[in-house]
Amino acid sequence: MLMSSSQAREDGQGSGDPPGDLRSVLVTSVLNLEPLDEDLFRGRHYWIPTNKRLFGGQIVGQALVAAAKSVSDEVHVHSLHCYFVRAGDPKVPVLYQVERTRTGTSFSVRSVKAVQHGKPIFICQASFQQTQPSPVQHQYSMPAVPPPEELLDYEALIAQYLRDPNLHEKYRVGLNRIAAQEVPIEIKLVNPPTLNRLQNMEPKQMFWVRARGHIGEGDIKMHCCVAAYISDYAFLGTALLPHQYQHEVRFMASLDHSMWFHAPFRADHWMLYECKSTWAGGSRALVHGQLWRRDGVLAVSCSQEGVIRVKPRVSQSKL
């Protein structure tokens, strides 16, 4: 099912395409799975984080692509629930096995297992629904924030930090490493922290985000898959914001990830990602997120629990 230009105007995202005709690498490479057999696909890697582990958002996005290929055009994903059970190996591809758990009149469920070296690294269940209008509707209001055009992009913000003569050398090295990565999404932080605010941060953040390059109106399912990729970026790190001054991360990884899709959207248009962590303890943390369209419509909700192991910082130097 294609989102028409009139639908795109109705959902408040009918303008604001990224400049140029460059296709998003998320569509041409990351989420472009190779079919091997019926309900069996192979996915490859594009961006590997600095921890040299597979990016969780890539696994979620590719698994949703595999699941979506086994349902009809008339149904669309409304929720998915995932567990990361083993660390992914960035040196080998990932195999995705789809099980057609149930195909109903209104709802269909697909189970996906991601496998490397003969063992599952990730399991997921995705539920698809045929569009059904309902008079029962409500949502919270989108936070009032500056538009993305008024904010620095991630690269410019890092460059600004690097120009600060008070920046500690170990943070300078880390920021340079981040700046050198070719991440296939664009980010603009809302109210980015200054050096003197790092000791008093709350476990919440907001940033505008979109896929790099052009995806177009296309299939709504693909935009959901791209959003699944985007949703894991910097998500769990929200829980670290109040603690980063006192503690250094030894190990951090996602344990599970859930998403609920509420309204059509375009993942190559700016959306506001509102993230907050409501709890942390026992070397785990819980985070929640909402992806808002620019017109104030809540498009996606997310939740994730992750493991976070830290050690005290030896130096108390400011960033």
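Colleague: What is the order of the strands in the open sheet?

Modeller: This is a predicted model. Its open sheet has 12 strands, in the order β1-β2-β4-β5-β6-β3-β9-β12-β11-β10-β8-β7, and the pairing is antiparallel.

Colleague: And which are the edge strands?

Modeller: They are β1, covering 34-37, and β7, covering 185-189; each of these pairs on one side only. From one strand to the next, the twist averages 30°.

Colleague: How many bridges join β10 to β11?

Modeller: There are nine, between residues 271-281 of β10 and residues 284-292 of β11, and the two strands run antiparallel. As one example, Cys275 has Gly289 in β11 as its bridge partner.

Colleague: Turning to Ser79, where is it found?

Modeller: Ser79 lies in strand β3, which spans residues 75-84.

Colleague: Is Ser79 buried or exposed?

Modeller: Ser79 counts as buried because its relative accessible area is 7%, and the cut-off for buried is under 20%.

Colleague: Which residues is Ser79 in contact with, leaving aside neighbours within four places in sequence?

Modeller: Ser79 is in contact with Gln125, Ala126 and Ser127, and also with Met259, Trp260 and Phe261.

Colleague: Now the packing. Which residues have the most contacts inside the largest nonpolar core?

Modeller: Leu64, Tyr96 and Phe122 do, within a core of 70 residues. There is also a second, separate core of seven residues, among them Trp208, Trp270, Trp292 and Leu298.

Conventions: Residues are numbered from 1 along each chain as its sequence is written. This is a predicted model: local features need pLDDT of at least 70, side-chain atom pairs count only at pLDDT 80 or more; totals for chains, interfaces and linings use all residues. Side-chain values use heavy atoms; hydrogens and water are left out. A nonpolar core is a set of buried Ala, Val, Leu, Ile, Met, Phe, Trp, Tyr and Cys residues joined through side-chain atoms within 4.5 Å. Buried means under 20% relative accessible area, exposed over 50%, partly exposed in between (1.4 Å probe, protein chains only). Two strands pair if DSSP finds at least two bridges between them. Helices (H or I, at least four residues) and strands (E, at least two) are DSSP runs, numbered from the N terminus. Axes are lines fitted to C-alpha atoms, for helices over the stretch in contact, and angles run from 0 to 180 degrees between N-to-C directions. Contact means heavy atoms within 4.5 Å.
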